[in-house]
Structures are given as C-alpha cells and as structure tokens.
Amino acid sequence: MSQPILSLKNVTVYQDNNAILTNIDLEVNHGEFLYIIGKTGSGKSSLMKTLYADLKLKEGEGHFVEYDLAKLRERDIPYLRRKIGIVFQDFKLLPDRNVHDNLLFVLKATGWSEKREMDVKINEVLDKVGMKHAATKMPHQISGGEQQRVAVARALLNDPEVILADEPTGNLDPQTSVEVMNLLREINQNGKTIVMATHDYALIMKFPAKTLKCDAGTLFEVVQRTV
Ligand SMILES: Nc1ncnc2c1ncn2[C@@H]1O[C@H](COP(=O)(O)OP(=O)(O)OP(=O)(O)O)[C@@H](O)[C@H]1O
Ligand SMILES: [Mg+2]
C-alpha cells in the first residue's frame with residue numbers, strides 16, 4: 001500500500017491532437033480524497049477520461065490502480081475499469097429497467113453469473129447508499145439525488161479501490177448535493193480513494209480536501225482559503 005494509487009509524471013492530456021493539459025505531475029495515495037476544480041472547458045473531464053482510459057495516454061508516464069496507462073492495451077481496459085468506480089453528473093442509469101436490474105446489468109457485463117451472489121451484492125451496495133427500498137423502482141420514479149445514490153451503488157459493485165466522480169453533484173440542488181457528498185465522504189472514510197471533479201466551491205468549503213485546479217493548460221494544487 002506504500003505505492004501511490006495514482007501517479008502521473010510529465011503527462012499531457014490530449015483531445016484528438018490538441019493538448020488540453022500539459023506538464024501534469026500528480027501522486028494520489030490510497031485512501032485520499034481529492035478535488036479537481038477549474039472552469040468549464042479547462043480539462044477536468046479530459047483528465048478523468050485519461051484515467052479511465054477513454055482517452056489514451058500519449059505523452060508522459062501514468063500509473064493507476066496497478067496499470068501502466070501508457071502501455072495499456074485495448075483488452076486491459078475492462079480490467080482497469082473494474083478497479084475503478086465511475087460516477088457521472090447525469091447518473092447514466094438505463095431508463096428501461098428498474099434499479100435492481102440496472103445493477104444486475106453491470107454485474108453480468110463484468111463477468112458475474114451466479115444469481116444468488118449477484119442478488120446479495122446488489123442488496124449490499126444498495127444498502128450502503130440507503131436505497132435498498134428502491135430496488136424495484138424505475139429510474140424515472142426516483143429523484144435525481146436518489147438516482148445518483150444508485151449510480152454510486154453501481155460504482156461500488158466490483159469493490160473498486162478508487163471512485164472517479166465527474167461533477168457528481170452537478171445536476172443536484174444544494175441540499176441533495178450535501179447528501180451525496182456525505183455519502184462519498186463516508187465511502188472515503190471506509191478506505192476508498194476518491195477523485196472528484198467539481199465546479200461547486202460551496203461544497204468544497206463544506207467538505208474541505210486536497211484540491212487541484214485545471215487552469216491555463218495545466219494542473220496545480222491550490223491552498224484552500226478558510227472563510
Ligand atoms: N470529445 C472531444 N473531442 C474534442 N475536444 C474535446 C472533446 N471533449 C472535450 N474537448 C475539448 O477539451 C477541452 C477540455 O474539455 P473538458 O470536457 O475536459 O473540460 P471540463 O473542465 O470537464 O469542462 P466542464 O466543466 O464544462 O465539464 C475543451 O476545450 C473541449 O472543447
Ligand atoms: Mg467536465
């Protein structure tokens with residue numbers, strides 16, 4: 001556990017052939033909670049995508065959950081992603097099936113087959129996020145905050161070492177945002193590393209943690225003002 005869970009050295013993040021962020025040096029240790037902030041278009045999502053291999057690491061060195069991002073092969077990507085839970089701003093639940101079946105879909109897609117084991121796992125993660133009662137609800141029958149809780153449960157299914165959350169509170173009202181943050185902090189306190197991109201400075205003030213900013217084409221740590 002002494003190795004960092006994430007290490008980037010002199011990385012450039014590209015979208016097509018455009019360098020979005022350059023000279024990124026970053027180390028994240030197991031169990032840390034880290035914010036990535038920066039104005040719209042500054043590269044937060046591009047950085048996250050590089051970590052979950054939606055964008056190739058073409059320049060620099062990157063190690064994440066025991067994978068060498070620069071040497072990653074297509075066939076490694078599903079295994080890398082099983083070590084990462086990803087939470088998006090827009091929840092991304094499948095609208096045509098209930099909460100239980102949304103989670104079942106992910107388990108089946110990631111190699112699970114034993115029905116009883118899958119049901120136990122689904123129950124466990126829904127319980128962790130306080131959504132066990134909603135297993136048979138369709139996504140449209142629950143609120144945005146509840147959908148995001150289910151999305152967090154989905155991210156926990158394969159017991160990942162780290163959660164990447166890209167503006168997980170971006171579609172939620174302030175009170176619901178705080179509830180989702182409390183959930184993420186609890187998950188962090190139980191040992192998972194969390195990297196969260198956000199615009200929401202009020203939330204950072206409420207839940208202070210190490211903060212890095214994307215600005216002027218690079219990434220640097222900012223010291224938080226305590227107001
Ligand atoms: N799929 C894409 N193809 C080409 N360029 C892209 C793509 N996605 C984003 N970009 C460009 O990359 C830059 C960084 O975008 P990115 O989405 O990483 O920013 P962001 O900080 O996440 O912004 P936001 O706060 O709006 O989510 C922008 O200039 C954007 O136009
Ligand atoms: Mg973004």
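Q: Which residues come nearest to ligand 1?
A: This is a predicted model. Of the 13 residues around ligand 1, Q15, T40, K44, S45 and S46 come nearest.

Q: What is the shell around ligand 1 like by class, nonpolar, polar or charged?
A: Sort the residues of the shell by class. Here 9 are polar, 2 are nonpolar and 2 are charged.

Q: Which element gives the largest share of that shell around ligand 1?
A: Helix α1 does, with 3 residues.

Q: Where does α1 pack on the sheet that holds β7?
A: Strands of a sheet pair through backbone hydrogen bonds, either parallel or antiparallel. This open sheet has 6 strands in the order β6-β7-β8-β3-β9-β10, with mixed pairing. β6 and β10 (218-222) stand at its edges; each has a single partner strand, so one side of each lacks a neighbour in the sheet. Neighbouring strands are turned by 20° against each other on average, direction ignored. Now the helix. α1 (residues 44-51) packs on this sheet and touches β3 (33-37), β7, β8 and β9 (210-215). The direction of α1 makes about 150° with that of β7.

Q: How many bridges join β7 to β8, and do the two run parallel or antiparallel?
A: There are 5 bridges between β7 and β8 (residues 193-197), and the two strands run parallel. For one pair to find on screen, take D166, whose bridge partner in β8 is A197.

Q: Which strands does α6 lie across?
A: α6 lies across β3, β7 and β8. It runs at about 150° to β8.

Q: How many bridges join β1 to β4?
A: 5 bridges join them, and the strands run antiparallel. L8 stands opposite G62 in β4.

Q: What do β4 and β5 form?
A: They form a hairpin, with 2 residues between the strands. In the turn, V65 has a positive phi of about 35°. The two strands, β4 being residues 59-64, pair in the antiparallel sense over 2 bridges. H63 has D68 in β5 as its bridge partner.

Q: How far does α5 reach from its first C-alpha to its last?
A: Compare the span with the one expected at 1.5 Å a residue. α5 (residues 144-156) has 13 residues and reaches 19 Å, close to the expected 18 Å.

Q: Why is α5 said to be largely enclosed by the rest of the structure?
A: An α-helix has 3.6 residues a turn, so residues three or four places apart point the same way. Check burial residue by residue. In α5, 11 of the 13 residues are buried, so the helix is largely enclosed. Among them are E146, R149, V150, A153 and L156.

Q: What covers the buried residues of α5?
A: The cover includes strands β6 (84-88) and β7 (162-166). It also includes helices α3 (99-109), α4 (115-128) and α6 (174-189).

Methods: Residues are numbered from 1 along each chain as its sequence is written. Chains are lettered from A and ligands numbered from 1 in the order in which they are written. This is a predicted model: local features need pLDDT of at least 70, side-chain atom pairs count only at pLDDT 80 or more; totals for chains, interfaces and linings use all residues. Helices (H or I, at least four residues) and strands (E, at least two) are DSSP runs, numbered from the N terminus. The expected span of a helix is 1.5 Å times one less than its number of residues. A residue is buried if 20 or more other C-beta atoms lie within 10 Å of its own, exposed if 12 or fewer, and partly exposed in between; C-beta atoms are placed from the backbone. Two residues are in contact if their C-beta atoms, placed from the backbone, lie within 7 Å. Two strands pair if DSSP finds at least two bridges between them. Axes are lines fitted to C-alpha atoms, for helices over the stretch in contact, and angles run from 0 to 180 degrees between N-to-C directions. A residue is near a molecule or strand if its C-beta atom, placed from the backbone, lies within 6 Å of it. Ala, Val, Leu, Ile, Met, Phe, Trp, Tyr, Cys and Pro count as nonpolar, Asp, Glu, Lys and Arg as charged, and the others, Gly among them, as polar.
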